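Here is a short briefing on a predicted model.

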Amino acid sequence: MNIKSQKDFVSGIALIVVGGAFAIGATSYSFGTAVRPGPGYFPFGLGIILAILGLIVLFGSLTQGKKNGDPIGAIPWRPLICVVGAIVFFGFFLPKLGFLISFPLMIILTSAGGNEFTWKDAILNAVILTVLSYLIFIYGLQLTIPVWPAR
Amino acid sequence: MDLINNLYIGFQTSLSLINLWYAFLGAMLGTLIGVLPGLGPIATIAMLLPSMYSLEPTSALIMLAGIYYGAQYGGSTTAILINVPGEASSVVTALDGYQMARRGRAGKALATAALSSFFAGTIGTLVVAAFAPPLTALAFEFGAPEYCALMFLGLVGAVVLASGSLAKALAMVILGLLLGQINTDVITAVPRFSFGIAELMDGINFVVIAMGVFSFGEIIANLGKPAEHREIFVKKVTGLMPTKDDLKEATPATIRGTILGCLLGVLPGAGPMLASFSSYSLEKKCSKTPDEFGKGAIQGVAAPEAANNAGAQTSFIPMLTLGIPTSAVMALMIGAMTLMGIQPGPQVMTSNPGLFWGLITSMWVGNVMLVILNLPLIGIWVKLLTVPYRFLFPAIMAFCAIGVYTLSNNTFDVYCAAAFAVVGYLFHKLGFEPAPLILGFILGPMMEENLRRALLMARGDWSVFVTRPIAATMIAVAVVLMVVITLPAISKKREEVFVEEE
């Protein structure tokens, strides 16, 4: 068997798995009748359709593809980890450490994801953005954001 | 006359000081993000929504609309000056606009784009104002089967007109619909797919998905690529005013583009984009000197700009009259309305005439502002064009992070957004177009409700969708669209169009 499009091969499998999971999950809800469809009716049908589409994509990846095999390519771990990590960090520490500490740290962590990272730029960015965001969101729009660390 | 009376109501709202300010803010912000690299209207709207709770709904929607057409305007500026189309619909503008700029006619190209957009915007606003009431009246005749069929048509249209693989675009819509199923069932009050997590019982907020996929996911994707260094060919823009000859060449093209744009804009999916593509080929066919196209023909700037702006205007028609979004941006507008407690649909016109007509007339006001402000400000935009991405992405992150937290002052939303960031990046990596997902997500619950109501009404008989004439027509159109697009000849042509776009 020859994979002609790596992207579509993985896409197809992912769609089958997700569609299947939704369809199986839907069976735990009442299906209802055709006259009075229950909560499981719609998601079950959609899950099946998604899985079928996955099969089509998977089949396509084995029969037709681009010349070079359409590779997925390397995963840029550094931006992926930095960006996602920064969001999770912010979510976790904002209620504990407050805006003034967690926010600039998040910006620096985010900046570290770029390939042109320098400490000077990152800290400068963090200071400017923290001041700006404080003025706009907390002072200006009066949004409820914990500013100081929780005691 | 009704039309004049309605416009009068509208201008009373849109010309109030506060709404003028928000129209201005929206148009400026839109232009800004259109010009800046790596930030689109979807991400921007998602980013701003949480801060808009406190605004009056009319002002908020006026500002969001401003961002939408402002972004298109900014997108054409980058298309002309640096050959980087900021928005999908300004891809065609880059063809001749950039060539004009290279020949020292950048000012004229920008002015032509601005003026033809303005003309098209004016006509577009009038068309929306004229056609909204009859369509709304028609919408009141719609029952659950018609709504369901219409949404089906909308989704099919969005898929067919999206770029890339058809099966994958369809899969995105279905996935969107499925994500919309994570909620508490409206009819039986059974929580679905919530795994006992209280936050999931209310469903995932669409802002979380939009932000995760379009803002965070895009950032990761952009950082994974080698840094883009933009070069401006034109350092200083001079000679803005078009000559008499320019006007003579551009005017008929503008008019044709406007007509085409008004017609195609109503279509679901990529209305404005489709309009700009087809108007370009129309001009090429009409022209006595087709060889000039691609080498800096002024018609090649005027027509697509007029078409995409007219299309952007008329794409509000289905959203305003039926409450049905035809594109991801419109889906966000619908979401914004719901967030602010306005049930989108045909009743908005009667229950909220100030909002309805105010929004329509504000589009014209916004277009006036864009022309008056942006031509003199072009120097600033030229400078902003080259802001390096390394300063931009932390700022985008910052505003998004605050936005997603303040959505409901809940860290759960933040974690969800982080998960969707990964998902969004996967979409990018595997070649999925994310826009249909948002559309499916917003339409999902509405569609399910109407489908179940229709089946209930018809006692479980699916034939209700083919025995009622309006519903049957819409289903038929959708099926024809699907069949046509899979015909080998057309699908090849479709691929060509989208390859050109990339």
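pLDDT is the predictor's confidence in each residue, from 0 to 100. Chain B has a mean pLDDT of 81, with 91% of its residues at 70 or more. The model scores ipTM 0.90 and pTM 0.82.

This is a predicted model: local features need pLDDT of at least 70, side-chain atom pairs count only at pLDDT 80 or more, and totals for chains, interfaces and linings use all residues. Residues are numbered from 1 along each chain as its sequence is written, while chains are lettered from A and ligands numbered from 1 in the order in which they are written.

**Helix H20 of chain B**
- Helices are DSSP runs (H or I, at least four residues), numbered from the N terminus.
- H20(B) has 18 of its 23 residues buried (20 or more other C-beta atoms within 10 Å of a residue's own, C-beta atoms being placed from the backbone), so H20(B) is largely enclosed by the rest of the structure.
- H20(B) bends by about 45° at Gly444(B), the angle being between axes fitted to the seven residues ending there and the seven starting there.
- A proline, Pro445(B), follows within four residues.
- Arg459(B), with a positive phi near 55°, follows H20(B).

Technical notes:
Helix = DSSP H or I, 4+ residues; strand = E, 2+ residues; numbered from the N terminus. Buried ≥ 20, exposed ≤ 12 C-beta atoms within 10 Å, placed from the backbone.
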